Amino acid sequence: MELEDPTIADSTIKLTVKFGGKSIPLSVSPDCTVKDLKSQLQPITNVLPRGQKLIFKGKVLVETSTLKQSDVGSGAKLMLMASQGLHQGEGPILKEASTRPISRTVVSDKVDQRKPSVLVDKNRTDRWKATGVIALAQANFKEIPEEVWDCGSGVRVLDISENFIKEVPAKISSFGSMQKLFLQGNGLSDESIQWEGIASLKRLMLLSISHNNLTVLPSAMGSLTSLRQLDVTNNKLTSLPNELGLLTQLEILKANNNRITSLPESIGNCSFLMEVDLSANIISELPETFTKLRNLKTLELNNTGLKTLPSALFKMCLQLSTLGLHNTEITVEFLRQFEGYDDFDERRRTKHQKQLDFRVVGSGQFDEGADKSW
């Protein structure tokens with residue numbers, strides 16, 4: 001009978017971490033430190049390592065100790081306690097993820113019977129044609145009214161936000177002069193949008209598809225070369241397409257409150273970007289190409305898993321004056337080591353001098369996320 005090699009048997013241990021009513025099974029090396037274990041738990045729980053407290057047999061485990069040194073063996077059950085606020089993304093994952101609610105109070109397949117769909121009358125249609133502006137927000141529609149499609153290529157603005165629209169058909173391409181398109185708050189899924197129609201809108205300057213249920217953005221978005229503002233907040237996106245770099249006129253990118261884990265290096269080609277909000281995602285680093293964004297003024301990275309920034313960010317992004325890092329692993333002491341930080345801090349102070357003058361308590365030092373609350 002061949003005996004099992006004890007070195008192989010000891011190579012991993014199986015343990016369970018209890019957190020928020022769920023059990024997290026893990027296989028790790030006994031030589032893994034508690035700190036390393038916390039890093040493994042971060043993407044699973046959304047809790048930053050410094051916000052985690054691991055307890056075994058009534059004792060808090062020391063970060064620098066290995067599991068073996070902490071007497072944590074195979075079959076052990078640990079309890080994870082999370083400090084309030086020290087999380088990434090939307091917050092601690094306490095149970096299986098469910099569909100994120102959109103901006104309306106209630107969204108279902110049933111239209112609210114207490115509020116009938118707004119009827120489209122001839123006078124309104126005539127006004128749409130005359131002004132080029134179609135405003136149908138919060139009208140309780142389940143589909144885009146046929147009268148909308150009769151308005152022709154002169155439509156400049158279409159706002160069908162916060163309805164129950166189930167489909168954005170390809171014939172939206174007939175609005176060749178469209179400059180602004182508002183689709184937020186409809187509960188749209190990936191299959192709901194015929195992207196080839198939107199991609200053909202070569203004059204589109206603003207696209208808002210926030211507060212929906214999108215998991216991906218198609219490569220076809222790269223065709224929107226006139227786009228100045230893109231708002232994809234509050235969806236279920238895990239990434240942004242490489243074709244984002246083709247949107248060279250983009251000035252504002254809002255992608256907060258998603259599940260984005262990484263960004264394409266091509267974002268560095270969006271040289272006109274002035275404002276970027278990536279807060280409440282699970283990114284741990286930014287591509288070095290961020291340093292090519294020479295017009296960048298505002299960068300929001302609150303509640304992310306960030307541990308560092310591109311080394312030349314402050315040196316190259318000389319207009320950056322607002323930086324939100326609340327609830328990340330990055331500290332002011334760490335930032336002071338970056339070349340160009342002092343110049344950034346001076347710009348930040350100058351921009352917010354009025355607010356700083358009214359601070360009752362504080363040393364005037366940089367506070368992660370302070371710009372956000374001012």
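Y341 and F344 both belong to helix α8, where they are three residues apart, about one turn of the helix. Helices (H or I, at least four residues) and strands (E, at least two) are DSSP runs, numbered from the N terminus. The structure is a predicted model, in which local features need pLDDT of at least 70 and side-chain atom pairs count only at pLDDT 80 or more, while totals for chains, interfaces and linings use all residues. Residues are numbered from 1 along each chain as its sequence is written, and side-chain values use heavy atoms, with hydrogens and water left out.

Helix α8 spans residues 341-351, and its buried residues are Y341, F344, D345, R347 and R348; buried denotes under 20% relative accessible area, exposed over 50%, and partly exposed in between (1.4 Å probe, protein chains only). Viewed down the axis of α8, the buried residues fall within an arc of 160°, so they line one face of the helix. The arc is that of the directions from the helix axis to the C-beta atoms. D342, D343 and T350 are exposed, on the face of α8 turned away from the buried side. The relative accessible area is 2% for Y341 and 0% for F344.

Six aromatic pairs were found in a search of the whole structure. Rings of Phe, Tyr and Trp (its six-membered ring) pair if their centres lie within 6.5 Å; planes under 30 degrees apart count as stacked, over 60 as edge-to-face and the rest as tilted. For W149 and F175, the ring centres are 5.5 Å apart and the planes are at 10°, so the pair is stacked. W149 lies in helix α4 (residues 146-149) and F175 in the loop between β7 (157-159) and β8 (180-182), so this pair ties together parts 26 residues apart in sequence. W149 is buried at a relative accessible area of 12%, and F175 is buried at 0%. The pair of Y341 and F344 is tilted, with 6.0 Å centre to centre and 50° between the planes. Ring pairs also link F314, F334, F338, Y341 and F344 into a cluster.

An open sheet of nine strands has parallel pairing and the order β6-β7-β8-β9-β10-β11-β12-β13-β14; two strands pair if DSSP finds at least two bridges between them. The edges are β6 (133-135) and β14 (322-324), each with a single partner strand, so one side of each is left without a neighbour in the sheet. Strand β13 (residues 298-300) pairs with β14 in the parallel sense over three bridges, and L299 stands opposite L323 in β14.
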